[in-house]
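Q: Can you walk me through the salt bridges here? I'm new to this one.
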Amino acid sequence: MAIMTRPLGQTQTDVTILGYGAMELRGAPRGPETADEDAGRLLNAVLDGGINLIDTSPDYGHSEELIGRYLGHRRDEFFLASKCGCLLEPPADAGPPYPHDYSPGNVREVVERSLRRLRTDHLDLVQVHMSPSRATLEENHTVETLQGLRDEGKVRFIGMSGILPNLPDHLAMNVFDAFQIPYSAVQRDHEDLITEAADQGTGTLIRGGAARGAASEEKNWRIGPLTQEPGLGQRNWETSGIEDLLADAGMSTMEFVLRFTLSHPGLSTTIVGTANPAHLATNIATAEKGPLPADLYEEAKKRLPR
């Protein structure tokens, strides 16, 4: 089997519906302690498993360097997405989310550094990180700076990593080729905005599509979806009757959660990160099954709160 592909908006690029998110390769103390060689084997397993989109960020520790070191020789095999607005040096005395700087000088410097770290002459997609307001983007001429980098051939497409409340304004600007948006069975508040983005012809990279593993036995809701108040996702899940539905379908929780995300008709790809080779293999096997059966998807949407 192979992972199905979908068009990434109007970029004339087809991407696998499962992408790989490199945040889990950021290293300690914010991520798992992973030896560089193990990270290299994992990254090659991503491509060998059929995934053709990798998403990273300057905020993700040394993930960009790892991708450049271990996949630089395979650069033509994958679509490479990163971010801008990140600081060149995160504050030593603060944890994420870090402050961001969307000024022309910082945006350009960060993109140039990403090119060096990733050992490439171009980034396929640069996404504005952390969903700044439209006013902030306009004051800092952020989009114009990215368009300049695109004209120079250093960036192919421009995107936004957006969330409520600013995402509707980002859509209205009509300047982005793709949006990265959170969505899962336990975080459905952006569901209609994903449809709107797709209807506009933009690509959609869904993050949080595995709900950060919240509903799995392993995580047991210790980590919930970002932007959601603690405990809300678990309460919604446990009161929805969804577990009875899955029992009848003979489907595991984690298979359902990932395939629910893949079932959104406006999705181009969902980015799932892991530093664990077994988890990667499971994610690939699940994605190869594709979206949920239509009747199960519709019934699940009736039961799960939005």
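Predicted model: local features only at pLDDT ≥ 70, side-chain atom pairs only at ≥ 80, totals over all residues.

Q: How many salt bridges turn up in the whole structure?
A: The search finds 24.

Q: Start with aspartate 38. Which residue does it form a salt bridge with?
A: Arginine 41. The closest N and O atoms are 2.4 Å apart.

Q: Is arginine 41 buried or exposed?
A: Exposed, at 54% relative accessibility. Aspartate 38 has 39%, so it counts as partly exposed.

Q: New topic. What does glutamate 255 pair with?
A: Lysine 289, with 3.2 Å between the closest N and O atoms. Glutamate 255 is in helix 10 (residues 253-262) and lysine 289 is in helix 11 (residues 277-289), so the pair ties together parts 34 residues apart in sequence.

Q: Is glutamate 255 buried or exposed?
A: Buried. Its relative accessibility is 14%, and the cut-off for buried is under 20%. Lysine 289 is partly exposed at 46%.

Q: Which residues do shared partners join into one network?
A: Arg108, Glu112, Glu152 and Lys154.

Q: What's the N to O distance between lysine 154 and glutamate 152?
A: 3.4 Å. Lysine 154 is partly exposed, with 21% relative accessible area. Glutamate 152 is partly exposed too, at 42%.

Conventions: Residues numbered from 1 in each chain as written. Heavy atoms only, no water. Salt bridge = Lys/Arg side-chain N within 4 Å of Asp/Glu carboxyl O. Buried < 20%, exposed > 50% of the residue type's maximum accessible area, 1.4 Å probe, protein only. Helix = DSSP H or I, 4+ residues; strand = E, 2+ residues; numbered from the N terminus.
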